[in-house]
Amino acid sequence: MTRLNVLLFVALLLSSLYLVRISYDARRLFAELDKAQGEERALNTEFERLKAERQAQATPLRVEKTARERLAMRNATPAVTQYVPWAGAASAPGSAP
């Protein structure tokens, strides 16, 4: 009978140690999951902020303003337009010399 009691005690001890280890692992994994979800929320917030910023930067008025200020561009008007004659038009059949 004593052997059976010792054997049962050892089994109980091993199972309780296993249960403690599993509980510890579950808490650790839950903490890692919570941390990863927090990082996901932060990255999603940053992504949405960057999308809004990109959209604000790409407005037509801002692009035009940047083109005028930094690139010194201006609108095309007949006064600044240069027309280049097409060489193929002069040599086309039926054209007047």
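**Talking through the model**

Mentor: Of the 97 residues of the protein, 2% count as buried, where buried means under 20% relative accessible area, exposed over 50% and partly exposed in between, with a 1.4 Å probe and protein chains only.

Trainee: Okay, and what should I know about where these values come from?
Mentor: This is a predicted model, where local features need pLDDT of at least 70 and side-chain atom pairs count only at pLDDT 80 or more, while totals for chains, interfaces and linings use all residues. Residues are numbered from 1 along each chain as its sequence is written, and side-chain values use heavy atoms, leaving out hydrogens and water.

Trainee: How many helices and strands does the protein have?
Mentor: There are 3 helices and 0 strands, taken as DSSP runs (H or I of at least four residues for helices, E of at least two for strands) numbered from the N terminus. Along the sequence the pattern reads α-α-α.

Trainee: What radius of gyration does the protein have, next to a compact globule of 97 residues?
Mentor: The protein has 39 Å, whereas such a globule would be near 13 Å. That radius is taken over C-alpha atoms, and the globule rule is 2.2 Å times the number of residues to the power 0.38. The C-alpha trace spans about 125 × 40 × 15 Å along its principal axes.

Trainee: Switching to salt bridges, how many are there?
Mentor: The count is 7 salt bridges, each being a side-chain nitrogen of Lys or Arg within 4 Å of a carboxyl oxygen of Asp or Glu.

Trainee: Which side chain does Asp25 meet in a salt bridge at 3.6 Å?
Mentor: That's Arg21, with the 3.6 Å taken from N to O. Both lie in helix H1 (residues 2-57), 4 residues apart, about one turn of the helix.

Trainee: Where does Glu32 come in?
Mentor: Glu32 forms a salt bridge with Arg28, their closest N and O atoms being 3.2 Å apart. At 44% relative accessibility, Glu32 counts as partly exposed. Through shared partners, salt bridges join Arg21, Asp25, Arg28 and Glu32 into one network.

Trainee: New topic: how far apart are Ile22 and Arg3 in space?
Mentor: They are 28 Å apart, C-alpha to C-alpha, and 19 residues apart in sequence. Ile22 lies in helix H1 and counts as partly exposed at 37% relative accessibility.
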